[in-house]
Amino acid sequence: MKIHEYQARDLFRQYGIPVNDYVLVSSPAEARQASVGWKQTVVKAQVLAGGRGKAGGVKLADTPEEVEEKAGKILGLEIKGYPVEKILVCDAAPIAKEHYLGMVLDRAKQGVTLMLTDQGGVDIEDLAVSDPDAIHKITLYPHRPLDDAALKSFLAKSIPEENQLNQAMEAAKSLFELFKATDASLAEINPYALTPDGEMLALDGKVNFDDNALFRHPEIAALRNPEEESQDEIEAREKNLSFVSLDGDIGCVVNGAGLAMATMDIIKHYGGDAANFLDVGGSSDPQKVAEALKIILRNPRVNAVLINIFGGITRCDDIANGLLIARKELDFKVPLVIRLVGTNQDEGRAILEKAGLKAGDNLDEAVKSVIEAAKERS
Ligand code: GDP
Ligand code: MN
């Protein structure tokens, strides 16, 4: 899960990482108001996408009037598909140097890679390509005590001056605490700026979290921004379905993530395009099948739906009952192609046949006919 810069800043503050002052607003007038008394102001788009600066989403302003004008321009932008609805106005810090301080989970090492460079400000991904040696790296281990001396000599590679180094030590430790306490997968301060007065400040922040650990952190889960997911994805998550929207026209209801992936591959192989990835899960709750179909059929692009069930724990009769519930609750005209094999397949087929629905057992045949059916309707 991603969060906005202002939310990352809130977390930085909570963990004691110094940031310049900021106010979240949603109109040019509010932006102007918030900036009164500041020598210079940075106006920043709050969108869940990187590279805002390059897209015109970060602007400096010298007067409240200019803040209002730039806020108006930024609020009209769309950055990487996200319309800018909220902006952050910050008390601009004078910058003597821009560092980058970031952490990312390293699964292979079972640790956290701390990264540092004195060429901050720019996208670290770009720097990693153009000058990889400029990025210093060290691994921190969540379950071991921090080696202060090692951390200090690491940070000194980019930040040798003692006072700044001590500030960076505190910031790095706090960022690590934040990272561990929230089950983050990435936490970045870029720029981590040095002011001419010798103060080290976070001027931008980015934190991503491990979705699978969110249940342990209701306060973090509550930061979720609905624009990160499509409406369908939100509803599917609430119904405990694993669902991802795609661009094609063939809806898929499959049990098991592996089979769902394979189903999408086979659809592609025969020249079709899946409208979604959907795993109804291992267990077989008829209501869940019905909910899955409802979400899929709401998508106007869907021209046909493939139900692909390989029953293990999942029972084919439960799936069949779920389909009948869905058919009763929804009035759908989109053709369904059903492939049903495994546990209780005869019972499942009998239930469907009684209701006038046919189910096959061959996946290739099912995929070919769902593609055909979708073509006829498109
Ligand atoms: P990003 O492009 O989305 O990463 O946005 P940032 O918040 O990192 O801002 C991009 C650039 O704007 C920074 O690298 C700085 O050069 C500049 N900038 C951001 N905040 C400040 C500030 O408080 N003072 C000054 N002087 N420049 C800033
Ligand atoms: Mn940045």
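Helices (H or I, at least four residues) and strands (E, at least two) are taken here as DSSP runs and numbered from the N terminus. This is a predicted model, in which local features need pLDDT of at least 70 and side-chain atom pairs count only at pLDDT 80 or more, while totals for chains, interfaces and linings use all residues. Residues are numbered from 1 along each chain as its sequence is written, chains are lettered from A and ligands numbered from 1 in the order in which they are written, and side-chain values use heavy atoms, with hydrogens and water left out.

To get oriented, start with the domains. The protein splits into domain 1 (21–91), domain 2 (97–221) and domain 3 (229–377), with bounds that come from an automatic or database domain assignment. Between the C-alpha centres of domain 1 and domain 3 there are 45 Å.

Now for the ligand. Around ligand 1 there are 15 residues, and those that come nearest are Lys44, Arg52, Ala93, Glu98 and Asp204; a residue is near if one of its heavy atoms lies within 4 Å. Domain 1 and domain 2 each give at least three residues to this shell. By type, the shell holds 7 nonpolar, 4 polar and 4 charged residues, with Gly counted among the polar ones.

Polar contacts are pairs of N or O atoms within 3.5 Å. A polar side-chain atom of lysine 44 is 2.6 Å from an oxygen atom of ligand 1. For aspartate 204, a polar side-chain atom lies 3.1 Å from a ligand 1 oxygen atom, and at glycine 53 a polar backbone atom is 3.1 Å from an oxygen atom of ligand 1. Taken alone, ligand 1 exposes 560 Å², and the protein buries 81% of that (Shrake-Rupley method, 1.4 Å probe).

Strand β10 contains proline 191, and the peptide bond to proline 191 from asparagine 190 is cis, with omega near 5 degrees. Glutamine 110, in the loop between β7 (97–106) and β8 (111–117), has a positive phi near 55 degrees although this residue is not glycine.

Note on methods. Polar contact = N/O pair within 3.5 Å; in protein donor to acceptor, adjacent residues only side chain to side chain.
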